[in-house]
Amino acid sequence: MEYVRLGTTGMKVSRICLGMMSYGDPARWQDWVLPEDRAEPLIRRAADAGITFFDTADVYSRGASEEVTGRVLARIFPNRDDYVLATKVCLPMGDGPNDRGLSRKHIMASIDASLRRLGTDHVDLYQIHRWDPDTPIEETMEALHDVVKAGKARYIGASSMHAWQFAKAQHTAERNGWTRFVTMQNHYNLLYREEEREMIPLCRDQGVGLIPWSPLARGLLARAGSPETTVRAETDHRQQQLYGGEADAAVLDRVAAVARERGVPPAQVALAWLLHQSGVTAPIIGATKEHHVDDAVAAVDLSLSEKELELLAEPYRPRPLVF
């Protein structure tokens, strides 16, 4: 496993981040979510392979993902400083009007609730899950600054939004002497590359680390060239909103062809392509089977030629922005 700086910070992370959305309580959320006893062997496999970066969110399984994450990581790592823990705030955690968003009230309540569920006194990276149009960005950035100054988070990050919104947030923090975002968790993979227009160049210019979500396009890239399906794919309406069309089919064909030529699974090729992109620190992968972890780890060492990189990228066609 390789370890790199997270953006321009001094903190080092593994080049693969294990996303914890797949672990929690299926009764609270989705049928494909794994309970703790099935999740722990996969998390241990990731840790044994050198993965030290773990990302969850309060909304995953309505808090159960954080609970599982905290308990399992405490059993695997005897020292809290041996891993990097990230979580997120913004999406609805209840039916009340203040159970969502990025108000000072919700951020302050949410960080304490997340820390209780995670069983720790701090997270290494506290991220806003989306942009909140109902809260002044000044209120959000000051609240996040206070979370850092209270020692409850070491750094802060953001997730999918327009580049102008991210620039506005960073400018607001800088103007007031508050903590700035060090990461952007954006949607980026071979089937969705709209971030290359504005967000990624902005982040590269400002030294913000990219930790893309859905690097395998909700499993589509991992299944390139195969009729195989999954429980999640069969019930995932979001997948239909994000992907589809002739251009996607052409990209999938290219991934399958390179994978056959290399003698490796398509997932390794798709992840290796992403790891070759400038500014990408650590893609966030989901794993519900052992080979999901193994493929992600192997992708770190898979070097693609310029010809292969161009071959994989060439069929892409622009598509609407989706957050």
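Modeller: Start with a term. Accessible area comes from the Shrake-Rupley method, using a probe of 1.4 Å. By that method, the chain exposes about 13,700 Å². Carbon and sulfur atoms supply 48% of that area. Keep one thing in mind throughout: this is a predicted model.

Now the overall build. The chain holds 12 helices and 10 strands. Along the principal axes, the C-alpha atoms fill a box of roughly 50 × 40 × 35 Å. Of the 323 residues, 58% are buried.

Now to the loops. Begin with Arg 62, in the loop between β4 (53-55) and α2 (64-76). Look at its backbone. Most residues other than glycine have a negative phi. Arg 62 has a positive phi of about 50 degrees, although it is not a glycine. Is Arg 62 buried or exposed, or partly exposed? The cut-offs settle that: buried means under 20% relative accessible area, exposed means over 50%, and partly exposed lies in between. Arg 62 has 40% relative accessibility, so it counts as partly exposed.

Ala 217 also has a positive phi, near 55 degrees, and is a residue other than glycine. Find it in the loop between β9 (209-210) and α7 (231-235). Its relative accessibility is 0%, so Ala 217 counts as buried.

Next comes Gly 96. It sits in the loop between β5 (84-89) and α3 (104-118). Gly 96 has a relative accessible area of 22%, so it is partly exposed. Now compare sequence with space. Gly 96 and Ile 111 are 15 residues apart in sequence, and their C-alpha atoms are 17 Å apart.

Move on to His 122. Its loop runs between α3 and β6 (123-128). At 4% relative accessibility, His 122 counts as buried. What joins the side chains of His 122 and Asp 121? A polar contact of 2.8 Å does. Set aside the neighbours within four places in sequence. His 122 is then in contact with Arg 80, Leu 115, Gly 151, Lys 152 and Arg 154.

Now for two helices. Glu 36 is found in helix α1 (residues 36-48). Its side chain makes a polar contact of 2.7 Å with the side chain of Arg 75. Beyond neighbours within four places in sequence, the contacts of Glu 36 are Gly 24, Val 68, Arg 71, Val 72 and Arg 75. Look up α2 (64-76) again as you trace that list.

Finish with Leu 202, in helix α6 (residues 199-206). At 23% relative accessibility, Leu 202 counts as partly exposed. Leu 202 and Phe 166 are 36 residues apart along the chain, yet 9.1 Å separates their C-alpha atoms. Leaving aside neighbours within four places in sequence, Leu 202 touches Ala 163, Phe 166 and Ala 167.

Note on methods. Residues numbered from 1 in each chain as written. Predicted model: local features only at pLDDT ≥ 70, side-chain atom pairs only at ≥ 80, totals over all residues. Heavy atoms only, no water. Helix = DSSP H or I, 4+ residues; strand = E, 2+ residues; numbered from the N terminus. Buried < 20%, exposed > 50% of the residue type's maximum accessible area, 1.4 Å probe, protein only. Polar contact = N/O pair within 3.5 Å; in protein donor to acceptor, adjacent residues only side chain to side chain. Contact = heavy atoms within 4.5 Å.
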